[in-house]
Amino acid sequence: MNSSESIPFADRLADAVRRTHSVTCVGLDPRLDQLPESLQKLADSGAADAQAAAYSQFCCEIIDVVKDRVACVKPQAAFFEQLGPAGMVALGEVFRYASAAGLLVIGDAKRNDIGSTATAYAQAYLGAGETSPWGCDSLTVSPYLGRDSLEPFVEVCDRRAAGIFVLVKTSNPGGGLLQDRATDGQTVYERVAQLVTELNQDRIGQSGYGPVGAVVGATYPEQLAAMRKAMPHSWILIPGFGAQGGSAKDVLAGFDSDGSGAIVNNSRNLIFAHRRAPYAEKYGDRRWQDAVSEATDEMNEVLRQRFSR
Ligand SMILES: O=C(O)c1cc(=O)[nH]c(=O)n1[C@@H]1O[C@H](COP(=O)(O)O)[C@@H](O)[C@H]1O
């Protein structure tokens, strides 16, 4: 473990947000039919390894574009897993490339299991550098199996200065079926938030935040405001901005009064900016990297302006 990795994840994230003046998290969710034409051609043969190579190149080029513009990226494992072993090799390449570029890496694999198995997931994914084969700084984790399934992740976070983001109130319309159920005067997502806060206790770093973060969707701004209060020492990862309808106004309540404590993920609307107005007309497929660059700058700016009001 090198010296920067022994600084707790929450503090490293706070530093990175300060340094880049950005709370944007770029989601790396490659989809074959939306890649620029030149990269689709790479995958022409239809073979999984050709498609995986195209995904890796696409994501690494995005990393080149955004590395000085944002604090973190969130590669989405699903798109790589669907390609089988070749996809997983490509995912590893993307994790390592992002780390080497100085970005914090949030592995989005939404893992968990019974405690003893959860330990294996935690050891696999968490710990940038030499400590883990996947080398992520943090990982999205499901709380469904309860406290003893989360504790192994927290223990590995302690040992490797890593972090997790626990699914609290997800951005999808169907999430409420289970998450909004109330028992004993508390919804399930409120109970998960309480658990997140309990697990963070005695682990708060210099930044004021601990290793146990939470996922709360931009699509539920009222709940986001309540969750900000319920988890005062947790970083909140806010997905659902952009393609799912969440706006800068919606995410504001996820931040602390000094503008820290949350990062806002945007996947499709940034990485495929070359396919939508106004970037499609301006840059087209050939200059897709310029579209990513301008869309990322614009998201940064829109969020900065919201804070300054
Ligand atoms: O954990 C996540 O990142 C996540 C949680 C959630 O509640 N909603 C959600 O959309 N996500 C992820 O965030 C990304 C959103 O992608 P876009 O809708 O394209 O910005 C996808 O990778 C989702 O899997």
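UniProt positions are given here in the numbering of this model, feature names are shortened, and annotations may be inferred rather than shown by experiment. With that said, the unreviewed UniProt entry annotates residues 23-283 as "domain: Orotidine 5'-phosphate decarboxylase". What you see is a predicted model, where local features need pLDDT of at least 70, side-chain atom pairs count only at pLDDT 80 or more, and totals for chains, interfaces and linings use all residues. Residues are numbered from 1 along each chain as its sequence is written.

Back to the annotated span. Residues 23-283 are 43% helix and 17% strand, and the end C-alpha atoms lie 25 Å apart. Helices (H or I, at least four residues) and strands (E, at least two) are DSSP runs, numbered from the N terminus.

Next, the annotated site. Lys 110 sits in strand β3, residues 104-111. A residue is buried if 20 or more other C-beta atoms lie within 10 Å of its own, exposed if 12 or fewer, and partly exposed in between, with C-beta atoms placed from the backbone. Lys 110 has 17 such neighbours inside 10 Å, so it counts as partly exposed. Leaving out residues up to four places away in sequence, Lys 110 touches Thr 140, Val 141, Ser 142 and Leu 167; contact means C-beta atoms, placed from the backbone, within 7 Å.

Now a helix pair. The axes of α6 (residues 115-125) and α7 (residues 147-160) come within 8 Å and cross at roughly 35°. Axes are lines fitted to C-alpha atoms, for helices over the stretch in contact, and angles run from 0 to 180 degrees between N-to-C directions. The α6 side of the contact consists of Gly 115, Ala 118, Thr 119, Ala 122 and Gln 123, and the α7 side of Asp 148, Ser 149, Glu 151, Pro 152, Phe 153 and Val 156.

Last, the backbone. Most residues other than glycine have a negative phi, and most peptide bonds are trans. Which residues depart from that? Ala 161 has a positive phi, near 55°, and lies in the loop between α7 and β5 (163-169). Ala 161 is buried, because 24 other C-beta atoms lie within 10 Å. Asp 202 also has a positive phi, about 65°, in the loop between α9 (188-200) and β8 (212-216). With 6 other C-beta atoms within 10 Å, Asp 202 is exposed. The peptide bond from Ala 277 to Pro 278 is cis, with omega near 0°; Pro 278 is in the loop between α12 and α13.

Technical notes. Contact = placed C-beta atoms within 7 Å.
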